Amino acid sequence: MNVIEVKQLEKIYNDSEVKVYALNGVDLRIEEGEFTAIVGPSGSGKTTFLNMLGGLDQPTSGFISIGGTEISKLSSSELIHFRLHNIGFVFQAYNLIPVLTAKENVEFIMQLQNKPKSERESRTMALLKEVGLEGRENSRPNKLSGGQQQRVAVARALASKPKFVLADEPTANLDSKSTENLLEIMEELNRKENVTFIFSTHDQRVVNKARRVITLEDGKIISDVRKAILPQ
Amino acid sequence: MHTNIKLAWRNIWRNKRRTLITVASIFFGVLLSAYMTSMQEGSYSKMVEIVVKFYSGYMQVHQADYWENKSVNNSFDYDQAFIDQLKSNPEIDLVIPRLESFGLASAGELTRGSAIFGIVPEIETQLTGIADKIVSGKYLQATDDGVVIGDGLARFLKLSLNDTLIIITQGYHGVSSAGKFPVRGIIKHVSPELNKSIIYMELKTCQNFLGAENKLTSLVVNVADNDVMRKVLKKLKSEIQAPFSVMSWEEMQPEVVQQIESDRAGGVIMKAILYIVIAFGIFGTIMMMIAERRREFGVMISIGMQKKKLAVILFVETLFIGVLGILSGLAVSLPLLLLQAQNPIPLTGETAKLMEDFGFEPFMFFSTAPEIFLQQAISVFAMTVLIGIYPMVATLRIKEIKALHGT
């Protein structure tokens, strides 16, 4: 099973001899195919937690297992390889490669995976179609709106057929229409491809779409609510 | 690989102005250093050409003491078998017999110290081409009893064609030699120094004049170039025994070699300074490129690009900048220097006089030897490769999380 297991996760920053707990004993299990939002005030540890799950940052202590792989035991190069094949990222500021077109940005991940050209092209076109960017394949990021760029970023995150997509404040820079549109696309992809989505967000619209909401405060999980009991 | 190259190429044009400025700095560096080196090497070639082609040849065989004491007394017998033995070496183009001496040349009230060359006319001109440098009169014949003199000497002594030149000198074994020689021709010698002092006469006439029957002071041994010379010289040095000795032009003219070497060293320092300035320019650009794109590198590594791959892209970017600068520099310097080599820059005034006083033609000569261009290309390329190591190391040390925060 492609589950995420986190046990007693701690991240401590030593700021002028004062220990600051960014994450303080987090225990969590996320099942395959979940559409989960991590919420909480600024400084609560949402981004740190997402970075730990993505292997972008090292925990001070604790255990993280993704799809059965304990990522804290992987070397830097192994982690990169693991991310390439298992995790897709969507960043707040889109972070597309500016010199590549929308199509090339999506295809880039598959090139890193050494996928054959025909497969790359067909998947790229299919993903861009799914995120509603047909006809904009050859536009560079600076010719796309924020919403369009974020949709390319989602297509890129899914191009490698990852088991998990980690999205850090993906709607923070988008207007309502773009946010609604993006969330629908992600929900659709989550259903169709059974990809696990984990968002860190402040955005109530994202929270409303999520089927599970985990609230962090001062580096601790203070609530973990499934959609069935979420107030509408 | 194709994508990496495409990425690198597009990346360098993200900031067109900065890339163009950096490429321009390399372009000017290559152009200036190629121009400077070409001018230096052109001058050296001319110096060597004057020495080798119009005076000593690449090598000479003498009586062992001759070069220390250039006297007719240190001469040796003309030996056709010895000459034939030398000629049997396929790498030796020419073997030219000479009887050289010094004397006083005079006409009327005027007198000047002169170099007397007893030559076999048809063989000598194969090396020096002096027959083609006659500006007045004719070249020496096989049994000529006249002389061909330098244009400068003729002007000094106020001599014209068919006038009589008087030469007084000490001949073989201390005999006094004095003779009257009709001027058959006047030559414009390439070496201004020799132009002012040279007297050519037929070998037999010279031997008779100096009382040195069948004697020679040197056998000029000529080969294709310096590289062949080194090979042949080594062989001849082992074969030729006392009382003979063989010397290269570099041994005969150490001051020329020294002058070239010291001047070349000065040029190297100048080029090194130039390249250091360029290197800092490229380095600055690369540092800026890395600093600006740190966050992007963080993203690329986060989404699955190995640091090694990213390092290669950055290295290729650095190489692209270097290669563009080198190619543009060569594209302009090559035709420019080919043109300059065909049209040496004439020097005027005091500089020209100074050059002539040192025995050189008053021109700035240029060389188009391939090494000149190759040297600049390799130097800048090597420098670019060295600079390219920095972004590679910086990339390998990137921490994803810090890079994503742009720190």
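Buried residues account for 41% of the 407 residues in chain B of this predicted model. For chain A, 47% of the 232 residues count as buried.

**Chain B overall**
- Chain B has a radius of gyration of 30 Å, whereas a compact globule of 407 residues would come out near 22 Å.
- Along the principal axes, the C-alpha atoms of chain B fill a box of roughly 95 × 50 × 30 Å.
- Its secondary structure comprises 15 helices and 14 strands.
- Of the contacts in chain B with a separation of 6 or more, 81% are between residues 24 or more positions apart.

**Chain A overall**
- Chain A holds seven helices and ten strands.
- The radius of gyration of chain A is 17 Å, close to the 17 Å from the globule rule for 232 residues, so chain A is as compact as a globular protein of that length.
- The box filled by the C-alpha atoms of chain A is roughly 50 × 45 × 40 Å along the principal axes.
- In chain A, 70% of the contacts between residues at least 6 apart in sequence join residues at least 24 apart.

**Where the chains meet**
- The contact draws 16 residues from chain B and 17 residues from chain A.
- On the chain B side, α1 (2-12), α11 (294-302) and α15 (400-404) each supply at least two residues.
- By type, the chain B side that touches chain A has seven nonpolar, five polar and four charged residues.

**A helix pair in chain B**
- Two packed helices are described by the angle between their axes and the distance between the axes.
- In chain B, helix α2 (residues 16-56) and helix α14 (residues 370-396) pack at an angle of about 145°, with axes 9 Å apart.
- The crossing of α2(B) and α14(B) is right-handed.
- Residues making this contact include Ile26(B), Val30(B) and Glu41(B) from α2(B), and Ile372(B), Phe373(B) and Val380(B) from α14(B).
- The residues of the contact of α2(B) with α14(B) divide into six nonpolar, six polar and one charged.

**An enclosed helix in chain A**
- Helix α5 of chain A (residues 146-159) has 14 residues, which at 1.5 Å a residue should span 20 Å; its end C-alpha atoms are 20 Å apart, in agreement.
- Of the 14 residues of α5(A), 13 are buried, so α5(A) is largely enclosed by the rest of the structure.
- Following α5(A) comes Lys161(A), which has a positive phi, near 55°.

Terms used: Residues numbered from 1 in each chain as written. Chains lettered and ligands numbered in written order. Predicted model: local features only at pLDDT ≥ 70, side-chain atom pairs only at ≥ 80, totals over all residues. Helix = DSSP H or I, 4+ residues; strand = E, 2+ residues; numbered from the N terminus. Rg over C-alpha atoms; globule rule 2.2 N^0.38 Å. Buried ≥ 20, exposed ≤ 12 C-beta atoms within 10 Å, placed from the backbone. Contact = placed C-beta atoms within 7 Å. Nonpolar A, V, L, I, M, F, W, Y, C, P; charged D, E, K, R; others polar. Expected span 1.5 Å × (residues − 1). Axes fitted to C-alpha atoms, helices over the stretch in contact; angles between N-to-C directions. Left-handed = near helix turned anticlockwise from the far one by under 90°.
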